[in-house]
Structure formats: structure tokens, C-alpha cells
Amino acid sequence: MDVLRPPLININGRVYRRNIVKEECYEEEEEFFYTEPSEIEELAEEPCDTYVIEQTDKGYRCAIDVPSVLYKYIIGKKGETRRRLEFDTKTSISIPKQGVEGQIVITGSHKAAVSSAVTRVEVLVESFRRKQPFTHFLSFPLNDAKIQEGFLKFKDDVLQQCSEDHGVEESVFQNPAKLHLTVGTLALLNDMEVRKACEHLQECQSFIRGITEGKPLLLEVTSIEYMNDDPAMVDVLYAKVNVKDGSDKLQVIAERLVEHFVSAGLMTREWDRVKLHGTVMNTLFRKDSTGEDTGGARKVALNEREAFDARNILKKFGTYCFGEFELNTVLLSQRYSTDCTGYYSSAGSLSFS
């Protein structure tokens, strides 16, 4: 880590500097301080405006909603992290048993001390939350019957004409029932966070229907492209998706959705612009029957992936047309799941009309 340019973390408009401390229990455990040197000594006075600090007969109390999977990062090895937080802030931190959803309760004699402890717990939680694998994703389904039919024909033709090319085999093709566009990914760590995400999706109704004029979008799925620079060593081949009338309505909806969920703290913006692409072949699928394509169906290192030679596929099928269909919904889809149609199970949905 560059000590002059340490990683920063933003929580509700407050910016912290992250210092990494090596410990035996985790690869790294982190302590956090303000970015401004003059503010480091004033940490205990930092106002806590995210949670309500209540006055009690014995002092002050604040309850924080934290997913149970993150408790261990606040407890630390043999309780060391919690003891250090309690010692530094002169507070007591009560944490539910592992696996039991509940609230972390911080109590202390002084309001400023409780506020300081709350801030430190918030920063720890936010930092380790970012390391959790995503559980859900916003998706535009492409599994319309006509598109699936076009995809299966594409798959058959490719296997018939290009199966001799290096790495081209049936297992690298997408599951047709799970064809989709990923808008953005979310790590929703308990039922409360899933409900919160569903509520935020519904809040997007007005701007989405304003863009679509309350009607489905007619899309065409046509042409293929590859992700990396060398067509002879490809890991991901995808279909392009465009609005039939030539407008950028789908892209605008995707950008607005990401903007909304990022501002709600439920999503992290990974790119300046959402890259909408319908994966049709992915080396992460190789010899894996689940057909996952939202970040990796199986845990495999990048250097273990066997790329395929896509030059003939691009030459013969570069302008392939998978078909047209009307898109009328955005879904909050659950990773590693399947519903009765073969698509991902949905925790929530919002229609365009």
C-alpha cells in the first residue's frame, strides 16, 4: 500500500483513510482513521447521523443493523478487535451469536464515546462488506422463446462448423434459459437487505416508465463481439443488444438504475458506463453444468481458464441475428438459483408498462 495515497472509504459522505494491519485470523484486518490529520484526534467527537443514540439511565445506547456474516470482522480473533474498540472508545459492544440476525448494541457513559464506536463499527462493516461475493444482480432477461431458438441454432452451427478450433466445445455455451443482460451486482447479506433492494427497485418505476413511455422496448439481439484483445484467445463472447428504433433508452435505463442503487449504498459502481452484453460463450462455464455467467460459475483462477479460438466464429457468425423481442421487465435476480422457467429466481421485479 502507498502510504502517501492510502485507500479511502466513503460512508454517508464521511471519508476515512484505511490502514492495513496484518493479523493471523484474516488475511488483513483494518483500522480506520480520518483522511484529514487534524481530524484524527477528533474522532470521538465525530457526529453519528446515521443511527439514533438514545439516552438511558446508565448513559447512552445505539443499536446498529449488521448482517450476521459480518459479525466476525467486528469480533476479531479471540475477540481482540471488539476489545480494542471497547478500550479505545470506552464503550461496551454487544454482538448477537454467530448466525443469529439481530443488532449490535453499543453502550457507554458518554454520547461522544458511543458515537465514536458507532463510526468505527460502520467503517469496519463497510470495508468487509465490499469483500463479500455478490448474491444478487439486476438483470434484463433475454430468455424470450425466439431468442432462445436463435441461440440454439447459433450454438449448433458453431459446433458443427468450428468444433475443431482450439477450446470450442459445448460446455462453454450459455444456458439458453439464462440468457440475460447484467445491469449491476449486489451483495445482499440478509433478508432485510433483500427487502430493501426490492423497495429501491420499485422506486425506479417512475423514471423507467418515463423513458419507455409506459411500453415494452422492442430489442434486437444481433452480432457478436469478444471481450479481450486477441480473437485467438477469447474467454467471453457476447451478443450485442440494441433498441430496434435506434434509441439509447435501454442504456439510459441501465445507467439510471445503477445510479439509484449506488446512491442507496446497495451497489458499487465498477465502470463509468454500464456495458450491456448478452454472454453466449464463457470459459468459466467449461465442464460446468450450472450455466452461471454472473461473475463465475465455478471458483477458478484467471490463469486456469482455457481460452478458445474465436476467429472462425467471428468470421462466420459476426453478424449473426439471434432475433427480436419485447423487453418489459427488469429483475432483481438471485445468483446461483433457478426458477420454474429455468431462469434465475427473482427476489423482485419492475415492469416497463
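A residue counts as buried when its relative accessible area is under 20%, as exposed when that area is over 50%, and as partly exposed in between, with a 1.4 Å probe and protein chains only. The structure is a predicted model, in which local features need pLDDT of at least 70, side-chain atom pairs count only at pLDDT 80 or more, and totals for chains, interfaces and linings use all residues. Residues are numbered from 1 along each chain as its sequence is written, and side-chain values use heavy atoms, with hydrogens and water left out.

**Exercise 1.** Determine where Lys 90 lies and whether Lys 90 is buried or exposed.

Solution. Begin with the elements, where helices (H or I, at least four residues) and strands (E, at least two) are DSSP runs numbered from the N terminus. Lys 90 is placed in the loop between helix H3 (80-89) and strand E6 (91-94). Next, take the backbone: phi of Lys 90 is near 55°, a positive value in a residue other than glycine. Finally, because its relative accessibility is 60%, Lys 90 counts as exposed.

**Exercise 2.** Describe the surroundings of Thr 89.

Solution. Thr 89 lies in helix H3 and, with a relative accessible area of 4%, is buried. For its polar contacts (a pair of N or O atoms within 3.5 Å; within protein, one must be able to donate a hydrogen and the other to accept it, and residues adjacent in sequence count only if both atoms are side-chain atoms), start with the backbone oxygen of Leu 85, which the side chain of Thr 89 reaches at 2.6 Å. A further polar contact, of 2.7 Å, joins the side chains of Thr 89 and Thr 91. Then list the contacts (heavy atoms within 4.5 Å): leaving out residues up to four places away in sequence, Thr 89 touches Ala 113, Ser 116, Ala 117 and Arg 120.

**Exercise 3.** Identify the residues that touch the most other members of the largest nonpolar core.

Solution. A nonpolar core is a set of buried Ala, Val, Leu, Ile, Met, Phe, Trp, Tyr and Cys residues joined through side-chain atoms within 4.5 Å. The largest one holds 59 residues, of which Phe 140, Phe 154, Leu 237, Leu 250, Leu 257, Phe 261 and Ile 313 touch the most other members. Helix H8 (residues 249-263) supplies the largest share of this core, six residues. Another core, of 22 residues, lies apart from it and includes Ile 95, Ala 117, Val 121 and Leu 124.
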